[in-house]
Amino acid sequence: MELADQAVGFLLSFISISIFTYYTCWVIVLPFVDSDHFVQKFFLPQHYAIIIPVFAGVILLSFLSIFVGFVMLKSKQKAK
C-alpha cells in the first residue's frame with residue numbers, strides 16, 4: 001500500500017508542477033513572444049489566463065461551502 005501511495009503522490013506532484021509550469025509560461029513568458037511565433041499555437045488566448053482560475057476558484061469555493069453546510073446540518077441533527 002505504501003508504494004501505491006508514493007505513486008499517487010508522485011503523479012499528483014508531477015501534474016501540479018506541469019500545470020504550474022504551463023501557466024507560468026503562458027502568463028509571464030508568452031506576452032514577450034511575437035504573435036506569429038509557432039509557440040503561440042500551444043496556448044489559449046491571454047484572457048483565458050484570468051477566466052479559468054477565477055472559474056475554478058468559484059467552483060472550489062461553492063463545493064467547499066456546500067460541504068461545510070452539509071456537515072453543519074448533520075452535526076445539528078445528531079445533537080437532537
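1. Y23, V27, I28, V29, I50, V54 and V58 together make a nonpolar surface patch of about 600 Å². A patch of this kind joins nonpolar side chains (Val, Leu, Ile, Met, Phe, Trp, Tyr) within 5 Å, taking residues with over 30% relative accessible area and no salt bridge; a salt bridge is a side-chain nitrogen of Lys or Arg within 4 Å of a carboxyl oxygen of Asp or Glu. Accessible areas follow the Shrake-Rupley method with a 1.4 Å probe, and for residues only the protein chains shown count as cover.

2. The model is predicted: local features need pLDDT of at least 70, side-chain atom pairs count only at pLDDT 80 or more, and totals for chains, interfaces and linings use all residues. Residues are numbered from 1 along each chain as its sequence is written, and side-chain values use heavy atoms, with hydrogens and water left out.

3. Both α1 (2-29) and α2 (48-79) supply at least two residues of the nonpolar patch, and the largest share, 4 residues, comes from α1. Helices are DSSP runs (H or I, at least four residues), and strands likewise (E, at least two), numbered from the N terminus. V54 belongs to helix α2 and is partly exposed, at a relative accessible area of 48%. Partly exposed lies between buried (under 20% relative accessible area) and exposed (over 50%), with a 1.4 Å probe and protein chains only.

4. Rings of Phe, Tyr and Trp (its six-membered ring) pair if their centres lie within 6.5 Å; planes under 30 degrees apart are stacked, over 60 edge-to-face and the rest tilted. The count by this rule is 3 aromatic pairs. The ring centres of Y22 and W26 lie 6.0 Å apart with the planes at 45 degrees, so this pair is tilted.

5. Y22 and W26 are both in helix α1, 4 residues apart, about one turn of the helix. Y22 is partly exposed at 36% relative accessibility, whereas W26 is buried, with a relative accessible area of 4%. Y23 and W26 form an edge-to-face pair, 5.9 Å centre to centre and 90 degrees between the planes. Y23 is partly exposed at 32%. Y22, Y23, W26 and F43 form one aromatic cluster.

6. The chain holds 2 helices and 0 strands. Its radius of gyration is 20 Å, well over the 12 Å that the globule rule gives for 80 residues, so the chain is more spread out than a compact globule. This radius is taken over C-alpha atoms, and the rule is 2.2 Å times the number of residues to the power 0.38. Of the 80 residues, 5% count as buried.

Key
Patches are made of residues with over 30% relative accessible area and no salt bridge: like charges are joined within 9 Å, nonpolar side chains (Val, Leu, Ile, Met, Phe, Trp, Tyr) within 5 Å.
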